Amino acid sequence: MPPCLRPLLPWLLLAAALLPAQPLPAGDISPARFGLTISSNTFQPAERSAGYPVAPGLYARAGLSWLPGSRLELELFQVPLLVPEPFSEAFTGFSAGCWLFRRKHDSYFNLTADLSFMLGLEGRKLLAARLCPIVLGGPYYHYADHLLAVALVWDPEQASLFWQLQLVGLSLYF
Amino acid sequence: MRAAALLLPLLLWAAPPARCLGEARPWSGGLFVESCGFAEAAFLPPAACLSAGLFLEPLALPAGNPAVFAGILLPVAPCQAENLTLRAGLALTLFDARLPWLLRTFYAALRWSPAIGAGLLYRLDGAGLRFTLAASPLRLRAGDAIFTLCSPELLLDQQAGTRGWGLVLFQAALFLF
């Protein structure tokens, strides 16, 4: 800057500071830290000859998640039976997972993987490893569609393996 | 780089933001997929069901906009192919209300489009017929799609007696034509 203009610098900075705030474009926002998720859930035996692994019906999964960084996601969730007898079976659980790609302002596609522990109403304990191969959302994933997630579930007491399938999930992150 | 090349077609397929339906309404129909279940063992055994079919929304009325739909419904968890069921009916969008405050979250113009509906379920093996009355309060219209969450249904028999209930947990209706 030429020396003759230097006295103007503080006034220019003051004028810039007093300008009214400009509305941010839709994508220019900060990363989300907390999330709400709801998804459809079904269970399938790993072997055709095996019996159905849980009480049959329509299950959902609803969860509250915390995203302390750009990849890690910790979630408290419940998987209740909705139909035919609401909440006659439900699994409450905790999961820890990661996003394969860092959540950032120009994100759109991602994948997630997590490990979870679930506890049934009658004390049934389950361990699950889940992969969601299609996660679609906008900048920083303030909204995300989780599609076609598959989990392999292990029941250590009955020594049985079965599948947990999530056709579609909707997440809102704040 | 190779992973980016593999992902590029998917990103190109998914990235274009859709215009809000209602401003230009270029669509009149498409397909729907839904996840649902019913609490009436006499008609369908307890299971999570998957339903898919076609719908037609020929008019563009700002309120009371009708649509017809028809498809099939299959219990998938546990899978019971013998219980294949026809699903058809009428849905009436009550109104379309803009939700501009959701634009920064969803990056698309959304409209709240609650609907009510009536339809039938017919077991293709001839084992039963039920009429349904449905309400869809959580229904969002986003560009070329309509997303519905948690729609309860009432099941009636042929004498209009209540026989049970059902729930559509998720429905995605995508306009194709």
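Me: In what order do the eight strands of the chain A barrel close, and is the pairing parallel or antiparallel?

Reply: Strands of a sheet pair through backbone hydrogen bonds, either parallel or antiparallel. In this predicted model, eight strands of chain A close into a barrel in the order β1-β2-β3-β4-β5-β6-β7-β8, with antiparallel pairing. Neighbouring strands of this sheet are turned against each other by 25° on average, ignoring direction.

Me: How many bridges join β1(A) to β8(A)?

Reply: The two strands run antiparallel and are joined by nine bridges. To find your place there, look for A:Gly35, which stands opposite A:Tyr173 in β8(A).

Me: Now chain B. How many residues lie between β2(B) and β3(B) in their hairpin?

Reply: Six residues lie between them. Strand β2 (residues 48–56) and strand β3 (residues 63–77) of chain B pair in the antiparallel sense over nine bridges. B:Leu54 has B:Ala70 in β3(B) as its bridge partner.

Me: Which residue in β4(B) is the bridge partner of B:Ala70?

Reply: That partner is B:Ala88. β3(B) pairs with strand β4 (residues 85–95) of chain B over 10 bridges, again in the antiparallel sense.

Me: How many residues does each chain give to the contact?

Reply: The size of an interface is often given as the accessible area lost when the parts come together. Here we count residues instead: 24 from chain A and 26 from chain B. On the chain A side, β1 (34–45), β2 (58–66), β3 (72–83) and β8 (160–173) each supply at least two residues. The largest share, four residues, comes from β1(A).

Me: What classes of residue make up the side of chain A that touches chain B?

Reply: That side has 18 nonpolar residues, six polar ones and no charged ones.

Key
Residues numbered from 1 in each chain as written. Chains lettered and ligands numbered in written order. Predicted model: local features only at pLDDT ≥ 70, side-chain atom pairs only at ≥ 80, totals over all residues. Contact = placed C-beta atoms within 7 Å. Nonpolar A, V, L, I, M, F, W, Y, C, P; charged D, E, K, R; others polar. Pairing = 2+ DSSP bridges. Axes fitted to C-alpha atoms, helices over the stretch in contact; angles between N-to-C directions.
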